[in-house]
Structure formats: C-alpha cells, structure tokens
Amino acid sequence: MSPVAARLFCLPYSGASAMVYGRWRRALPSWLAVHPVELPGRGARSGEPLATDLRGLAALLAGEVEDAIDGPYALFGHSLGSLLAFELAHALRERGVPPPLVLFASGGEAPAVRDDRELARPRSDAELIADLRGYQGTPEDALADPELMALVLPVLRADFLLAGTYAYRPRPALACPVHVLAGTRDDLGRPALEAWGRETRGGFAIDLFEGDHFFLHSRQAEVLGVLDAALSRRMNGGLAALSRAGGSPAVRTLQ
C-alpha cells in the first residue's frame, strides 16, 4: 500500500472535541490517515457559533471534508457522532462524493429508532453535570472544576439540542457497509443496533466490546484492531465477515 492509502474521518461524541481521537493517529498503521473532525464552537473552532441543527451541521462538514477526500475514506462516529457520521454520509452522497469504504457507527442507536426528544428540554448546569456523571466518562475532579465546566457545559447543551431536535428522514439506503460497535454494558438494545442494517445495501456487522458507553477508550486497542482489520479487508476488495444487506448481521463479542 502507499504511505497513505485511506483516510478515516472521526466525529466526536456529545460535549467532546476532536482531541478525543488524537491518540488514534499514532496507534493506527501509517497507511490509514486519521482525520479527527472538529465541530464549530470547540477546540480550534472555539470562536465559531455552536451548531444546534444536526442536518445543517452535516451539510457544513460535507463541504469541508470533501476537500480532503482524494481517494478511499471511511467515517467513524461515537454516540452523537454516529448519528452525525450517518448524516454526513448522506450529505456527501448528495454532493456526488463516492461512498465511504465503511461507515462505523459506534455507541449509538440506529437513526430510525432513536428518540432523543427529551434531550431538547432546557437543562440547568447542575442537571448537565449530573448527566455527565451518569455517562461515567468524566472524572469527578473534572466535574468539580468550575472553569472547565464553564467551557464544557455550553458545548454539551448545544449537542443535546443537536440530538433532541433531530428528525429521521427515510432515504435510499447507503451503498457502503455499516459496521456497528457497542459496549456490552451500555444501555443499547440489540434491536436498536440491528436497525442500522436497514440503512445500507452494502454489508452489515456488529462488534460488541466488554465495557460501558465509553468502551472506545477503555478498549481502545481492540476497537482500533477492528477498524484496521475491516478497512484492510475493504481495501483488498472484500466484505469479509460483513453480511449482505437484509441478512442476519455478523455479531461478535470481544472480551
């Protein structure tokens, strides 16, 4: 393979910036270029307004990502990022961009069955901190840091609106395979994961990792191993373990 044979665009979860994928650049093989996608209002884009319309955000990102697509690429998103990656795949298709090698949907229910309307309810800072504590992905010392929370909570509030105001719109199925990743102790039912299969006419697979909602951090090596293997197979022209669209998904549990 050439030094950079494919690109992986990674969408962050609620309240996070592109920094959450910073370590992936060193951990994945050099042929796969990792592109953490920064969303408006955070990180290097902190001076821009926070987005609260998910489909509009996907259209904005499609215009930016398109400029970096010069060959094979894949999309990865975790939690809210999985929904954004899904809408980004559709937005890129609308712009005439070839489909990704794989859409990796991590830690999120399928768009057609998720119901996040409760997230659109206005929340106080205390309620948002309680939500963060419930997700078990933020250390207690961070939750107790007023200066840090002053930066994080506006982003989280906007991201909740992104999810809470999202309305699923049926469209022709994506041509790319959809590969779902989820934690065994996350609050996601199997039917909600399997419903991702209805969004593709390519292959479909599910990998379960021992862990909670943030298994992508606690089981980073295993997650990256799955991404590497799946993309290597796709670069070599095969669907490998991915099932055909409409069939039973290949489900593995990684201990």
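Good morning, colleagues. Please bear in mind that the structure before you is a predicted model.

I begin with the whole chain. The secondary structure comprises 9 helices and 7 strands. The C-alpha trace extends over about 50 × 35 × 35 Å along its principal axes. For 255 residues, a compact globule would have a radius of gyration near 18 Å, and the 17 Å found for this protein agrees with that. Of the 255 residues, 53% count as buried. Among contacts with a separation of 6 or more, 80% are between residues 24 or more positions apart.

As for charge, there are 26 positive and 30 negative side chains, and the centres of these two sets lie 7 Å apart.

Let me turn to R42. This residue sits in the loop between β2 (32-36) and α2 (54-66). Is R42 buried or exposed? R42 is buried, because its relative accessible area is 5%, and the cut-off for burial is under 20%. Setting aside residues up to four places away in sequence, R42 touches G15, A16, S17, L50, V155 and D159. With D159, the side chain of R42 also forms a side-chain polar contact of 2.9 Å.

Thank you for your attention.

Note on methods: Residues are numbered from 1 along each chain as its sequence is written. This is a predicted model: local features need pLDDT of at least 70, side-chain atom pairs count only at pLDDT 80 or more; totals for chains, interfaces and linings use all residues. Side-chain values use heavy atoms; hydrogens and water are left out. Helices (H or I, at least four residues) and strands (E, at least two) are DSSP runs, numbered from the N terminus. Buried means under 20% relative accessible area, exposed over 50%, partly exposed in between (1.4 Å probe, protein chains only). Contact means heavy atoms within 4.5 Å. A polar contact is a pair of N or O atoms within 3.5 Å; within protein, one must be able to donate a hydrogen and the other to accept it, and residues adjacent in sequence count only if both atoms are side-chain atoms. The radius of gyration is taken over C-alpha atoms; the globule rule is 2.2 Å times the number of residues to the power 0.38. Lys and Arg count as positive and Asp and Glu as negative; His and the chain ends are not counted. The place of a charge is taken as NZ of Lys, CZ of Arg, CG of Asp or CD of Glu.
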